[in-house]
Amino acid sequence: MVEYFPYLLLLLIVIVGITMLANRIRVAYPILLVFGGLALAFIPKLPIMAIDPNWVLLIFLPPLLYADSWVLSPKELWKWRRIIFSFAFIVVFITAAVVAWVANMVLPGFSLALGFLFGGVIGSTDVVSVSAILKFVKVPHRLSTILENESLLNDASSLIVFRFASIVVTTGQFVWYEVAGSFVWVVLGGIAIGLAVGWLLRAIHKLLPTDANMDIILTYISPYVMYILANAVDASGVLSVVTGGVYLHYYRNEIFTASTRNKIEAVWDNIVFILNGLAFSLIGLSLPQVLSSFQQEGMALSTATYYGLLMAGVIIGVRICCAYAAVVTTQIMKRFIKVADGRRYNNVWIPLLLGWAGMRGVLSLAVALSIPLTLADGTPFPHRNLILYMTFIVILVTLVLQGLTLPWFIKKVTFPDYDDHIPDTEAETLIRKDLARVALEYMNDHYKEGITDSFLLQNQKDVWEFQLKTAYCNVTAEVRDKYIAILRYQREYLSELNKNPRINEQLIRSFERQLNLEEEKWESSE
């Protein structure tokens with residue numbers, strides 16, 4: 001491993017440079033990282049990093065899923081649960097079935113079981129790519145919620161399909177009642193283990209004297225514990241991590257102090273950035289390994305590329321058809337059940353947009369690499385190298401074709417006024433007024449005396465009373481810029497004040513942290 005260390009440092013530098021370039025030209029950084037990895041793979045004399053799929057899944061999947069689960073909104077998930085779970089599970093199963101049928105009909109020697117296995121490999125969409133693209137374009141909140149939550153949950157369904165198809169291919173047996181029982185355990189067992197580990201960690205955080213550093217380490221260990229325990233008992237590690245992450249995030253204010261929460265967010269932002277950068281770079285870096293394996297397949301590269309393009313077209317087409325079918329189903333089912341939004345919209349482009357936003361990512365490649373080399377009887381696994389190469393083609397096509405065109409597509413679509421939420425300016429005024437009202441009520445009920453003697457309490461009381469008297473509490477861009485300029489001037493003065501040898505520098509840094517938090521709060525409101 002020591003000889004790879006300079007190479008890893010170079011890779012991190014490339015990741016940072018490519019991400020800066022992606023932000024500058026307003027392109028989703030996963031797309032450029034794949035091309036960066038491809039470029040590095042063909043540089044002479046650089047070592048070829050062979051990717052161990054088991055390590056890829058174990059190192060990258062738990063923390064990335066855990067981080068995504070912390071930003072998942074249970075309220076929004078429940079509101080749009082039908083379409084989210086339909087895309088996350090039903091659409092994945094339909095995609096796997098169609099891929100299996102097409103592969104069985106077109107690809108020589110491909111059985112239905114092998115086709116289902118390949119469908120499980122390429123069944124899940126990539127939440128990182130979707131989030132990176134939506135950062136540069138404005139879409140209705142409901143669409144981003146559906147896309148991001150679906151991408152987070154369909155990892156579990158695709159891995160379930162892959163697991164059972166792999167068992168059928170390797171053993172040659174399919175007992176439906178055993179598969180059904182195993183499926184129930186995979187789902188319920190994964191959820192139960194995630195909740196159990198989450199409850200235990202919550203108790204540890206509450207009962208033991210931890211500090212911010214210990215809490216951060218525990219949050220990093222948590223997803224690995226959930227994932228490993230679930231896999232050890234043949235349950236879903238993905239569902240375990242997502243469930244446990246949502247549980248701990250729900251109780252975050254109870255088990256973490258405000259300072260710890262700020263530090264955890266800062267640390268995890270860096271962890272997620274590094275892991276995502278490495279993961280998408282590894283897609284490009286894996287090409288030499290994919291090509292060297294494919295040479296053993298005995299098939300022309302052009303033919304295999306054609307098959308890969310065909311499968312990319314199949315999964316794109318199936319997803320688009322399912323998106324339109326979901327709209328039709330909603331219009332039918334609203335007569336019998338209450339749906340989240342039963343209004344009929346004449347915009348035919350929205351389902352196409354939902355269908356088009358189905359990029360594949362590093363999980364598909366890692367799952368393809370995890371296919372065993374041999375069957376139960378010791379014979380080579382059929383078409384393993386072809387599956388690996390077609391998976392690479394599917395990832396490349398969906399990331400490049402869909403990833404580059406999706407922002408343009410979104411800008412061309414005129415979205416209806418869904419009216420899901422109160423306008424932001426109105427909602428901000430409502431929140432600030434309510435916070436001011438409850439704060440004054442608490443102050444008057446518990447601290448009737450001594451308010452005027454305290455600068456902090458009297459100052460805050462004046463602010464809250466002003467907010468209640470003002471019609472709108474939202475801050476204009478001009479006022480925000482002025483306030484930030486004042487904060488920065490205060491920080492410059494602190495630097496000058498720090499030159500006084502009689503003032504403790506730790507105290508200066510404490511005030512700097514307060515100014516940093518205040519500036520960050522108003523910068524994030526832009």
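Which helices each supply at least two residues of the lining of the second largest cavity? I found helix H5 (81-106) and H8, where helices are DSSP runs of H or I with at least four residues, numbered from the N terminus. H5 gives the most, with four residues.

A note on my source: this is a predicted model, where local features need pLDDT of at least 70, side-chain atom pairs count only at pLDDT 80 or more, and totals for chains, interfaces and linings use all residues. Residues are numbered from 1 along each chain as its sequence is written, and side-chain values use heavy atoms, with hydrogens and water left out.

Next I checked the space itself: the second largest cavity holds about 50 Å³. A cavity here is a set of points, on a 1 Å grid over the protein atoms alone, where a 1.4 Å probe fits but cannot get out, and lining residues have an atom within 4 Å of a point. Volume is the space filled by probe spheres set on the points, which are joined across faces, edges and corners. Among the lining residues I noted Phe-87, Glu-150, Arg-319 and Arg-360.

Then I turned to the largest cavity, with a volume of about 230 Å³. I counted 22 lining residues, and Leu-61, Asp-126, Asp-155, Val-362 and Leu-363 lie nearest the centre. H3, H7, H8, H13 and H17 each give two or more residues to this lining, and H3 gives the most, with seven.

Notes:
1 Å grid on protein atoms, 1.4 Å probe; cavity = no way out; pocket = protein on both sides within 12 Å on 5 of 7 lines; lining within 4 Å.
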